[in-house]
Amino acid sequence: MKNIKHLLFDYLIKNGFDETLAAYLNMFALLVFVLLTIVLIDIVSRKILIVFFSRLAKKSKTNFDDILISNKTPRNIAHIVPLLIALEFTPYIFADFSYTKNILVKCLQVFGVVLTLWVARSILKSLKDYFKTLPRLKDKPIDSYIQVFMIFAWTIGLFSALAIITERSFFEFITTIGAASAIIILIFRDTILGFVASIQVSINDMVRIGDWVTFERYGADGDVIEINLSTVKVQNFDKTITTIPTYALISESFKNWRGMVHAEGRRIKRALIITQNSIHYLNDKEIDTFKNIEIIKEYIISQQEKINQYNNSNNIDKQLLLNGRNLTNIGVFRKYIETYLKNHSAINKDMMIMARQLAPTSQGIPLEIYAFSSDKRWENYEYIMADIFDHLIAAIPYFGLELFELSNNNSLIKNT
């Protein structure tokens with residue numbers, strides 16, 4: 001390049017150009033030549049790398065190289081060679097114009113930093129897309145970690161660019177900027193909190209992509225679709241999107257339904273409120289009537305035999321129904337509920353099945369049904385639960401019981 005520059009300069013001087021004009025023409029000619037060379041090399045190197053990666057992608061079993069191509073990693077790498085050529089020849093082209101040379105060299109060095117960041121970003125983005133294709137990693141907050149690496153990379157890149165512009169060494173510039181660390185921490189407060197939260201969420205396996213979560217404070221009730229450094233996106237069941245700060249996952253309480261999804265059944269926990277004045281002991285006529293209910297017929301006969309045996313052996317005076325042992329209509333109904341649930345085809349028989357009486361309230365006595373449906377899908381679950389309570393509400397009058405209702409004190413079904 002030096003020889004070409006001197007030959008061209010001498011040629012211009014011999015042809016009658018003064019030194020200043022010859023220097024400008026010489027610089028312009030070399031600049032055009034180098035620019036054309038850089039463009040040509042850029043095109044050729046880009047084609048070569050793209051073809052190389054494409055052939056490699058076809059032969060390899062992994063799809064990582066395909067992802068690299070889709071994220072333009074070969075294209076970004078191809079720019080490195082032209083940049084190195086520009087950095088090499090710029091000082092020779094502008095040797096006679098020191099001020100311009102310094103500015104251009106700094107611009108090229110800064111562009112080199114930016115290009116390095118582009119390459120790093122495309123590689124990290126490719127890693128993120130690749131990790132999401134792996135079954136054991138697709139539900140992990142990969143976005144958060146990639147964002148952390150990119151923040152560090154961009155921070156180092158920014159400091160490097162400023163160090164180049166100010167003509168200071170990188171470490172000297174870092175030392176100088178350390179005085180402003182408090183301001184930097186304040187600016188990146190949410191990012192730092194999000195980074196710490198992402199690590200804790202991942203280590204403790206609190207939330208995964210695809211989990212159904214309920215976060216009442218933020219009005220979120222749906223599936224997690226994205227976890228990144230600063231936010232968690234939840235697609236609610238009405239298809240709206242709720243954005244939650246990542247650090248809120250460790251600082252506040254929320255409900256994750258993953259355990260229910262992975263369990264063998266989905267819980268049914270709801271109570272019927274029975275009015276207290278409808279509860280009474282059963283007389284012989286009522287007991288005979290209840291023997292006609294198929295699913296509790298054997299229970300009624302067995303219990304009545306035990307009760308009669310106890311009362312007779314203890315000479316209990318049964319002229320008053322209160323004396324001795326007796327069956328109650330709410331007790332028989334509770335047994336009916338348990339038997340009905342155990343015979344229901346949609347209830348998981350391997351999990352808890354229970355009908356329990358809760359503490360009395362001002363409305364009445366709650367009879368809570370506690371069981372698990374075999375089908376966990378929301379629509380089917382609601383159908384199963386409605387089918388069970390449709391039957392039980394219709395069955396209550398047959399036991400001489402009433403449901404509490406504010407309008408006429410006859411019926412109410414309460415969720416708990």
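**Helix and rings**

Colleague: How far apart are the end C-alpha atoms of helix α16 (residues 378–395)?

Modeller: Helices (H or I, at least four residues) and strands (E, at least two) are DSSP runs, numbered from the N terminus. The expected span is 1.5 Å times one less than the number of residues. For the 18 residues of α16 this should give 26 Å, and the end C-alpha atoms agree, being 26 Å apart.

Colleague: On what basis are such values given?

Modeller: The model is predicted: local features need pLDDT of at least 70, side-chain atom pairs count only at pLDDT 80 or more, and totals for chains, interfaces and linings use all residues. Residues are numbered from 1 along each chain as its sequence is written, and side-chain values use heavy atoms, leaving out hydrogens and water.

Colleague: How are the rings of W212 and W257 arranged?

Modeller: Rings of Phe, Tyr and Trp (its six-membered ring) pair if their centres lie within 6.5 Å; planes under 30 degrees apart count as stacked, over 60 as edge-to-face and the rest as tilted. Here the centres are 4.5 Å apart and the planes at 15°, so the pair of W212 and W257 is stacked.

Colleague: Is W212 buried or exposed?

Modeller: Buried means under 20% relative accessible area, exposed over 50%, partly exposed in between (1.4 Å probe, protein chains only). W212 has 12% relative accessibility and therefore counts as buried.

Colleague: Which residue lies over the face of F389?

Modeller: A charge sits over a ring if NZ of Lys or CZ of Arg is within 6 Å of the ring centre and within 35 degrees of the ring normal. At 5.6 Å from the ring centre of F389, the residue is R270.
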